[in-house]
Amino acid sequence: MIIPMLSQKIKELRTQKNLTQEKLSELSGISLRTLQRIEKNEGSPTADSISKLSLALKQDITGLVEKDLEDNKQQIKILFLSALSFLIFPLLGAIVPSIIWVWEKDKLREFENSIKSLINFQITWVIVFPLLHFL
């Protein structure tokens with residue numbers, strides 16, 4: 001999946017300029033199927049495709065990619081810091097990141113393995129911590 005804002009913006013700019021998908025495909029030099037996938041938010045376009053579309057639309061759309069990456073970084077920071085909620089109550093260290101993950105799953109797919117590892121670690125810690133207390 002690509003950046004929703006990017007696919008929306010490309011489609012919006014194309015319709016504002018009264019271009020069909022076929023015409024934009026010709027102007028940009030990317031295939032019609034690739035353009036359709038980008039506008040439907042399927043797959044991940046290459047930097048080259050984004051650059052070609054940007055030139056064909058005479059609009060800087062590459063800034064949208066950078067903005068969305070910054071937003072994702074903020075969400076990841078919040079998610080990982082939420083694991084510290086175990087300091088309040090041990091089980092919260094697994095529950096809070098899990099809730100955030102469920103809400104933001106579509107936006108953070110590229111970090112899925114890291115987030116799952118964090119949640120697994122927190123669950124393991126919730127189980128092991130009380131056992132250490134009894135030893």
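# Tour of the helix packing

Select helix 2 (residues 21-28) and helix 3 (residues 32-39): their axes come within 9 Å and cross at roughly 115°. Axes here are lines fitted to C-alpha atoms, for helices over the stretch in contact, and angles run from 0 to 180 degrees between N-to-C directions. Helices (H or I, at least four residues) and strands (E, at least two) are DSSP runs, numbered from the N terminus. The model is predicted: local features need pLDDT of at least 70, side-chain atom pairs count only at pLDDT 80 or more, and totals for chains, interfaces and linings use all residues. Residues are numbered from 1 along each chain as its sequence is written, and side-chain values use heavy atoms, with hydrogens and water left out.

Helix 2 and helix 3 are therefore roughly perpendicular to each other (angles under 35 degrees count as roughly parallel, over 145 as roughly antiparallel, 65 to 115 as roughly perpendicular and the rest as oblique). Their crossing is right-handed; a crossing is left-handed if the near helix is turned anticlockwise from the far one by less than a right angle, and right-handed if clockwise. Show side chains for Gln21, Glu22, Leu24 and Ser25 of helix 2 and for Leu32, Leu35, Gln36 and Glu39 of helix 3, which make the contact (heavy atoms within 4.5 Å). By class, this contact of helix 2 with helix 3 has three nonpolar, three polar and two charged residues. Ala, Val, Leu, Ile, Met, Phe, Trp, Tyr, Cys and Pro count as nonpolar, Asp, Glu, Lys and Arg as charged, and the others, Gly among them, as polar.

On the helix 2 side, select Leu24, Leu27 and Ser28; they meet Lys52, Leu53, Ala56 and Leu57 of helix 4. The contact of helix 2 with helix 4 has five nonpolar, one polar and one charged residues.

Next, go to helix 6 (residues 92-104) and helix 7 (residues 112-134), whose axes come within 8 Å and cross at roughly 155°. Helix 6 and helix 7 are therefore roughly antiparallel, and helix 6 passes helix 7 in a left-handed crossing. Gly93, Ala94, Pro97, Ser98 and Trp101 of helix 6 make the contact with Glu112, Ile115, Leu118, Ile119, Gln122 and Ile123 of helix 7. Those residues divide into seven nonpolar, three polar and one charged.

Now colour by pLDDT, the predictor's confidence in each residue, from 0 to 100. The mean for the protein is 82, and 90% of its residues reach 70 or more. Among the elements, helix 2 has the highest mean pLDDT (93) and helix 5 (residues 62-82) the lowest (74).

Finally, zoom out. The protein has seven helices and zero strands. Its radius of gyration is 21 Å, well over the 14 Å that the globule rule gives for 135 residues, so the protein is more spread out than a compact globule. The radius is taken over C-alpha atoms, and the globule rule is 2.2 Å times the number of residues to the power 0.38. Along the principal axes, the C-alpha atoms fill a box of roughly 70 × 20 × 20 Å.
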